[in-house]
Amino acid sequence: MTATTDQGRLAGPLSVSVANLCRRLQPQVSARTAAGFAEVLRRLGAPLQVAVAGRIKSGKSTLVNALIGRRVAPTDVGECTRLVTRFQYGTVDRIEVVFAGGYKQVLPFAPDGSIPAELGVDISKVSHIEAYLTSAVLQDMTVIDTPGLGSLDAASVSRTEQLLGAAQNEEGGDELDETSRSAVAGAEAVLYVVTQGVRADDQQALAAFTAATASREAGPVNAIAVLNKADTVPPESVEGSDGDVWRAASILAEKQGLLLKPRVADVLPVIGLIAESAESGNFTSADADALRALSALDDATLETMLMAADIFTSWDCDVPAGTRLRLLEKLDLYGIRRAIDALRADETITAGALRRLLLATSGLDAVRARLNTVFAARADGIKAAAALASITALAHSSGDPAERQRVHDAIEVLLAKPEAHQLRLLEALTLVVAGAVDMPEDLAEEVLRVGSNAGVDEQLGLPGAARPELAAHALERAGWWRSFASFGATPAQSRVAHVVHRAYFLIWQQLR
Ligand SMILES: Nc1nc2c(ncn2[C@@H]2O[C@H](COP(=O)(O)OP(=O)(O)O)[C@@H](O)[C@H]2O)c(=O)[nH]1
Ligand SMILES: [Mg+2]
C-alpha cells in the first residue's frame with residue numbers, strides 16, 4: 001500500500017514539489033527505499049516536529065506544558081522525565097507507551113491530568129511515549145520533550161542522543177531501529193533550553209542536533225534558544241542590570257546569543273515556571289487570595305520572607321505554610337514578589353488580571369511570537385529541506401549506485417527549478433553556518449541575514465528603509481555576489497555565491 005499525502009495539508013509549495021518527487025521516484029526504487037519514501041511523504045503531511053532540547057533540569061518539560069497550556073508533561077522527578085515524549089494533536093486525549101519493538105500500550109492519565117510519573121511497565125523496553133492532545137497549539141507543531149543531555153543516567157542520555165541524531169552507530173551505518181529512526185527523522189526544528197551560563201558542551205549538543213537522518217545540522221533557520229529560569233538570574237552578577245532581574249536576564253540572553261550564534265536565531269529570556277502556572281490553569285483564585293493576604297504584611301516582614309525560599313515557608317505568618325509552599329512551587333520567589341507588587345499597586349486586581357500579569361512577566365508571548373516567525377512561517381522550507389535530506393540519505397543507504405544516481409539526478413532537477421530557490425538558499429545557509437563552506441566573516445553574516453530573515457528590509461540589512469533604497473541595494477548586492485562567484489571565490493564559495501546572487505535578484509524583482 002502506498003501512503004498518499006493529502007496535498008491540502010502540506011506546509012506549502014516546496015513541500016508539494018518534494019512530495020511529488022517522492023511519488024514519482026517510488027516505483028523506480030527498491031522496496032526498502034520506497035518504504036522510506038512513504039515515511040517521508042507521511043512526515044511531509046504532518047505538523048512541524050519541534051524537539052525541545054537542553055540539559056536535564058533546565059526546565060524543558062515545564063516549558064512544554066506552558067506552550068501546550070496544560071500541565072501534562074511530568075516535571076522534576078519520576079521515570080517519565082527520562083523518556084522522550086511526543087505531544088501531537090489528537091481529537092481525543094490519549095497516551096500511548098511505545099515499546100522498542102513498535103508494540104503500543106494505552107495508558108490512563110494520572111488523576112491531575114498529566115502523564116503518570118511512573119508507568120508501571122518495564123522502562124528499559126520503552127522506546128518513547130506518544131501523547132495525543134486536543135490542544136490547538138499542536139495543530140501547527142508536534143512538540144517533542146526530551147530527557148536532556150548531561151543526566152547521570154546513561155540510558156536517558158542515549159535516548160536523547162538518538163533523538164538528536166548525535167548517536168554514532170558502532171558498525172558505522174545508520175541502522176537505527178525503526179522507532180528511533182522515525183524519532184530522529186521526526187525532529188525538524190529545535191527549541192533549545194539553556195539556563196545561566198552556556199557551557200562548551202551545550203554548543204556541541206546543539207551542533208550535534210541533526211534533523212532527518214543525521215544530514216542537516218541545526219542552524220538559525222530551524223533552531224531557537226531560550227534562557228530559561230530568568231527569574232533566578234542574580235542581577236548583581238550582570239553588569240548594566242541596574243538591579244533588575246529581567247534586565248539582567250535579557251543582557252545575559254543577548255550574550256549567550258552571541259556565543260551560540262549562528263547555531264540559533266535568537267536567545268530569549270523566559271520564566272517557564274510562571275508561564276506554566278499562568279497558562280495551564282494551575283494558578284487559581286485561592287492562590288490570588290493567598291497573595292492578597294501576603295501583600296497586606298508590613299514591608300519589613302515581607303522583605304525578610306522574600307529573601308530565600310526556606311525563610312518564606314518557615315516564617316511565622318497567618319498564611320498557612322502549606323499554602324506558601326504551593327505558591328513557591330507555582331511562582332517561585334520572583335513571581336510571588338511580582339504578584340504582590342501588582343496587588344499593592346491595585347488591591348482590586350482580579351485573579352484573572354493577576355494571571356495575565358504573571359503571563360506577561362514570564363516572557364512566554366515573545367517565545368510564542370518567535371516560534372511563529374521562525375518556525376511556522378518557515379515550516380514549508382524546513383520540512384521540504386528535511387525531507388530532501390531524508391530522501392538523499394535513504395538513497396545513499398540503499399547500496400545501489402544506480403538508484404542513488406537516479407535519486408540524485410531527480411533532486412538536482414528539482415533544485416534547478418526557479419520555485420525551489422528558497423530551498424537552495426536554505427541549503428547554502430546551512431553549509432555556511434555549519435562551516436562546510438568557508439566564508440569570510442562579513443560574507444557569512446550576509447548570507448545568514450539574507451537567508452534567515454522574513455522581511456525584505458531585514459534581509460537587506462536596512463530595516464524600515466524605503467522601497468527605492470531597498471531595490472537599489474538589492475541590485476548592487478546582486479551584482480557584487482555575481483562577480484564574487486566568477487572571480488576570487490573557491491568552487492564551493494562560488495556555488496553559494498550564485499544562490500545569494502539569485503536571492504538578491506529575486507528580491508530586486510519583487511521590489512521593482
Ligand atoms: N525558578 C524557576 N524554576 C523553574 C523554571 N522552569 C522550571 N523550573 C523548575 O526546574 C525544575 C526542573 O524542571 P523540568 O521542567 O522538570 O526540567 P527538565 O528536566 O529540563 O524537563 C522543576 O522543579 C521546575 O519547577 C523557571 O522558569 N524558574
Ligand atoms: Mg523533563
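Predicted model: local features only at pLDDT ≥ 70, side-chain atom pairs only at ≥ 80, totals over all residues.

**Nonpolar cores**
- The largest nonpolar core has 76 residues, and those with the most contacts inside it are Phe87, Phe375, Met439 and Trp481.
- Helix α22, spanning residues 491-511, supplies the largest share of this core, namely nine residues, and at least three residues are drawn from each of domain 1 (13-35 + 42-271 + 365-375) and domain 3 (422-511).
- Apart from this core lies another, of 44 residues, which includes Ala53, Leu291, Leu306 and Val319.

**Surroundings of Phe87**
- When neighbours within four places in sequence are left aside, Phe87 is in contact with Val64, Ile68, Val72, Ala73, Ile115, Ala131, Leu133, Leu138, Thr142, Val143 and Asp145.

**Strand β1**
- Strand β1, made of residues 48-54, is mostly covered, seven of its seven residues being buried.
- In a regular strand, side chains alternate between the two faces of the sheet.
- In β1, Leu48, Val50, Val52 and Gly54 point one way, whereas Gln49, Ala51 and Ala53 point the other way, and all of these residues are buried.

**Partners of β1**
- Strand β6 (residues 141-145) runs parallel to β1 and is joined to it by five bridges, with Asp145 of β6 standing opposite Val52.
- Strand β7 (residues 189-194) also pairs with β1 in the parallel sense, over five bridges, and here Val193 of β7 stands opposite Gly54.
- Asp145, the β6 residue opposite Val52, is also among the residues in contact with Phe87.

How values were computed. Residues numbered from 1 in each chain as written. Chains lettered and ligands numbered in written order. Heavy atoms only, no water. Core = buried A, V, L, I, M, F, W, Y, C linked by side-chain atoms within 4.5 Å. Buried < 20%, exposed > 50% of the residue type's maximum accessible area, 1.4 Å probe, protein only. Helix = DSSP H or I, 4+ residues; strand = E, 2+ residues; numbered from the N terminus. Domains from an automatic or database assignment. Contact = heavy atoms within 4.5 Å. Pairing = 2+ DSSP bridges.
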